[in-house]
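Q: Could you take one part of this model and look closely at how its aromatic side chains are placed and paired, and then follow the charged contacts of one further part?

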Amino acid sequence: MDIRSLFRANVREMAPYSTARDEYAGDLGIYLDANENPFENGFNRYPDPHNRRIRTKVSEMRGVSSDRIFVGGNGSDEAIDLLFRVFCEPREDEALAISPSYGMYRVAAATNDVRLTEVALAEEFRLDADRFLAAATPRTKLAFLCSPNNPSANLLDPAEVERVIRGFDGVVVLDEAYIDFADHEGFLSRLDEFPNLVVLQTLSKAWGMAGIRIGFAFAGPEIVAAMERIKYPYSVNVITERLVLGELEKEAERREQIAVLVDERKKLIVALERLPMVRRVFPSDANFLLVRVDEPRRVYDRLIERGIIVRDRSRIPGCEGCLRLTVGTPEENAALIEAMAQLDEPTPDGATFTPVRSGGRRATVSRRSRETDISITLSLDPVSGSESQIATGLGFFDHMLEQIVHHGGFALQLSARGDLAVDEHHTIEDTALVLGEAFRLALGDKRGIGRYGFALPMDESRALVLLDFGGRIATRWKVEFRRERIGDVPTEMFEHFFDSFAQAARCNLHIAARGRNEHHKIEAVFKAFARALRMAVERKPLDFNLPSSKGLL
Ligand SMILES: *Cc1c(COP(=O)(O)O)cnc(C)c1O
């Protein structure tokens, strides 16, 4: 592959600007060549335009020869812009990038008036080389990959990355800003194999130098020379150079910090997964986590009130509902978790909720208030033989709840102690709230579940239950009773039960029933509700798509 033929014509033809310091590169002497102020203050001299000392140091550290290293004086963002300027004729040439990914590719493309096509990653943010390459046109000069990817946090499959490099007729820019946090060495050692590969790395992340703006592009000597030719001549200033050289000596210290951050990342994942608002923590090979939460904007705002700033990525296609959380120090991470755990507002009557989501699709929720003390453990996919126990102190209510368990195929431990001496109201209402919360929690991120439920005849009665976990909360109730009570339950409480359940489970619930026998009628409602629940929560094996065209529930 002739890389030079990919250059823009003006870059191919131009001679580099030669600085005063190009002509003489020694360290000692009387410098009367660059019209500087001769009185020393530590920065009265121009810096080395070719960053020889930094390149030598990085060359030793990364095992890449100096002529394959470009040093960017404004981080690797500078390299991204320069690559467009080396390769892309404005308004003619094109570039490709994965999506979601780092925003700078789009900014640099727009600045250079180059059309950028963004190719959505496959499910679970996987790179599909064929799909990606299919989006290239004969005018596509640059293809941006980012691994580990920002904001999805995952390492792209190296085999797929390699297929893109081999299959693309232009230059592949592989952004490895986060590679130090991954359990993979990246592609630097394979630079010789691929003349069309540019690897970007930065000192802004793992190396702790975001404030001084240094980044690198590693590539074949021709590409590096072309970037050198068009960059600003003294883009790395003398203060930055001095700091970089000092910091690069501290590799052992840096490795220790990286190990701490990787360990913190693990702990943070465990802690986040226990929070009821958290639907999904995506796997991370970087120093941040992409986390899908309920009501991301509210969580974001409430964290700001507590002085914790995270990144709201919920409006980015593919990241719906997600916040991006950088792994901080152990103390900062503890503060984050504590703040998030406190976010769920106390319920109006002063009740306290303690919800826990455990492995599989299980949830435990307890709720204690002045009127009731309720504790529920729910399993949506119980192993056979799991026993259920239901005790609310109301015989007929227990009988109805047993219908849900039996006909829905769930396992449920439920104990409710309420102020039955006053009346049944609080016990039934609060049981519904806790049960709804348990369903919501156990469902997790709703991956692979169906949306709608169904209907059931029973003797002379029939009941219709429609159920949607699509996120909107509503109840419709069309059931009339001719008696005030069935067993020990006031009939007016049934509507209230389902209404409270829908609020807590965040579902849309429509119930209608007709029949002469009141007992049959309400039993049919509970059975149909159980069947509808079962259908709605059923997980199709190997289906990881959300049951919504919006990609978000
Ligand atoms: C942070 C980041 C960079 C680079 O930043 P600089 O500070 O400009 O070196 C590059 N790529 C990705 C994906 C990043 O997240």
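A: Tyr-105 and Phe-144 are both buried (under 20% relative accessible area, with exposed meaning over 50% and partly exposed in between; 1.4 Å probe, protein chains only). The model is predicted, so local features need pLDDT of at least 70 and side-chain atom pairs pLDDT 80 or more, while totals for chains, interfaces and linings use all residues. Residues are numbered from 1 along each chain as its sequence is written, and side-chain values use heavy atoms, without hydrogens and water.

For Phe-144 the relative accessible area is 0%. Its ring and that of Tyr-105 have centres 4.7 Å apart and planes at 20°, so the pair is stacked (centres of Phe, Tyr or six-membered Trp rings within 6.5 Å; planes under 30 degrees apart are stacked, over 60 edge-to-face, the rest tilted).

The structure holds 20 aromatic pairs. Another of them that involves Phe-144 is with Phe-84, again stacked, at 5.4 Å centre to centre and 25° between the planes. Because Phe-84 lies in helix H4 (residues 75–87) and Phe-144 in strand S4 (residues 140–146), this pair ties together parts that are 60 residues apart in sequence. Phe-84, at 0% relative accessibility, counts as buried.

Glu-228 forms a salt bridge with Arg-55, the closest N and O atoms being 3.6 Å apart (a side-chain nitrogen of Lys or Arg within 4 Å of a carboxyl oxygen of Asp or Glu). Glu-228 is in helix H8 (residues 221–230) and Arg-55 in helix H3, 173 residues apart, and both residues are buried. Lys-57 meets Glu-249 in a salt bridge of 3.4 Å, N to O. Since Glu-249 sits in the loop between helix H9 (238–247) and helix H10 (251–273) and Lys-57 in helix H3, that pair ties together parts 192 residues apart in sequence. Glu-249 counts as exposed at 55% relative accessibility, whereas Lys-57 counts as buried at 17%.

Technical notes
Helix = DSSP H or I, 4+ residues; strand = E, 2+ residues; numbered from the N terminus.
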